Amino acid sequence: MSIKNNIEEILRDIENISQYPEKVKLIAVTKYSDNSTTEIVLEAGIKNLGENRVQLLEKKHEYFLEKKAEVNWHFIGNLQKNKVKYIAGYVKLIHSVNKFSLAEEINKQGSKLDRVIEGLLEINIAGEESKEGYKLDKLIEEIPEYLKFKNLKIVGLMTMAPYTEDTEVLRTIFKKLKNIKEDLNDQYFKGELKELSMGMSNDYKIALEEGATMIRVGTKIFE
Ligand SMILES: *Cc1c(COP(=O)(O)O)cnc(C)c1O
């Protein structure tokens, strides 16, 4: 049980499993950990950290800013429109662009700051009522509007798989996300969609096999 060993194991998995390990980033999800535990992750050389609550992200961001630590903050949770303004100035990537009104707000805040904010479109593939994320047909209707944004740049897709032990179900979901990315690139985004954010502690190895470029891992690092 050591954070450093857990990270090394995950990095080895990336090297061994991915077809393009040089493109893959480990996003260490620090939502369960305090500042000093998070520091161990940074010391292990991981700079991409993920949080799913604006308030907690704000606190950690301020703490590490004061320490002059270099952190790329990834926002991975459901983001409320009225909270975009708090993170717009520094967030590296918003993984959860799942509504047009949210996208408009991100673009607006980016414009105020004269900053291009990068985002991923969160797609609901599993189709469960409880999960956040775009239904594909709804998204396709709205894509022309996305292409007009100047201060929100969509650079890829994200999905959350359901909790299941059934590896074939997971594999199917990850394959679908990759196919959707290729279709959207051909039809609308001209190859600008580079990232596939998929895979968490229990399923990241399958996601790596299916082409993930970002895996979001929490529990497995801190257990
Ligand atoms: C918490 C969380 C993760 C990490 O989950 P683990 O199972 O702890 O690895 C990944 N993605 C999102 C969106 C999360 O909220």
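Strand β1 (residues 25-29) is largely enclosed by the rest of the structure, because 4 of its 5 residues are buried; buried here means under 20% relative accessible area, exposed means over 50%, and partly exposed lies in between, with a 1.4 Å probe and protein chains only. The model is predicted, and local features therefore need pLDDT of at least 70, side-chain atom pairs count only at pLDDT 80 or more, and totals for chains, interfaces and linings use all residues. Residues are numbered from 1 along each chain as its sequence is written, and side-chain values use heavy atoms, with hydrogens and water left out.

## Strand β1 and its partners

Strands (E, at least two residues) and helices (H or I, at least four) are DSSP runs numbered from the N terminus, and two strands pair if DSSP finds at least two bridges between them. On this basis β1 runs parallel to strand β8 (residues 214-217), to which 4 bridges join it, and within that pairing valine 217 of β8 is the bridge partner of alanine 28. β1 also pairs with strand β2 (residues 48-51), again in the parallel sense, over 2 bridges, with glycine 50 of β2 standing opposite valine 29. Between β1 and β2 the chain passes through helix α2 (residues 35-43), and this β-α-β crossover is right-handed, a term meaning that, with the strands pointing away from the viewer, the path from the first strand over the helix to the second runs clockwise.

## Pockets and the cavity

Rolling a probe the size of a water molecule over the atoms shows where empty space is left. On a 1 Å grid over the protein atoms alone, a cavity is a set of points where a 1.4 Å probe fits but cannot get out, a pocket is an open set with protein on both sides within 12 Å along at least five of seven lines, and lining residues have an atom within 4 Å of a point. Grid points are joined across faces, edges and corners, and a volume is the space filled by probe spheres set on the points. In the classes of the table, Ala, Val, Leu, Ile, Met, Phe, Trp, Tyr, Cys and Pro count as nonpolar, Asp, Glu, Lys and Arg as charged, and the others, Gly among them, as polar.

| Space | Volume | Lining by class |
|---|---|---|
| Largest pocket | about 440 Å³ | 7 nonpolar, 9 polar, 6 charged residues |
| Second largest pocket | about 170 Å³ | 7 nonpolar, no polar, 3 charged residues |
| Largest cavity | about 30 Å³ | 4 nonpolar, 1 polar, 1 charged residues |

The largest pocket is lined by 22 residues, and Lys31, Asn52, Ile76, Met160 and Met200 are those nearest its centre. The second largest pocket has among its lining residues Tyr146, Phe149, Tyr188 and Phe189. Two elements, β6 (152-158) and α7 (167-189), each give two or more residues to this lining, and β6 provides the largest share, 3 residues. The whole structure holds 1 cavity of 30 Å³ or more, and the residues that line the largest cavity are Ala161, Pro162, Tyr163, Met200, Asn202 and Asp203.

## Aromatic contacts

The search of the whole structure finds 6 aromatic pairs, where rings of Phe, Tyr and Trp (its six-membered ring) pair if their centres lie within 6.5 Å, and planes under 30 degrees apart count as stacked, over 60 as edge-to-face and the rest as tilted. Tyrosine 63 and phenylalanine 64 form an edge-to-face pair, because their ring centres are 4.9 Å apart and their planes stand at 90°. Tyrosine 63 is partly exposed at 27% relative accessibility, whereas phenylalanine 64 is buried at 1%.

Phenylalanine 100 and tyrosine 146 are likewise an edge-to-face pair, at 5.5 Å centre to centre with 75° between the planes. Phenylalanine 100 lies in helix α5 (residues 100-113) and tyrosine 146 in helix α6 (residues 136-146), so their pairing ties together parts that are 46 residues apart in sequence. Tyrosine 146 is buried, at 3% relative accessibility, and one aromatic cluster is formed by Phe100, Tyr134, Tyr146 and Phe149.

## Positive phi in two loops

Most residues other than glycine have a negative phi. Lysine 68, however, has a positive phi near 55°; this residue is in the loop between α3 (54-66) and β3 (72-75) and is exposed at 74% relative accessibility. Aspartate 114 also has a positive phi, near 55°, lies in the loop between α5 and β5 (117-122), and is exposed with a relative accessible area of 71%.
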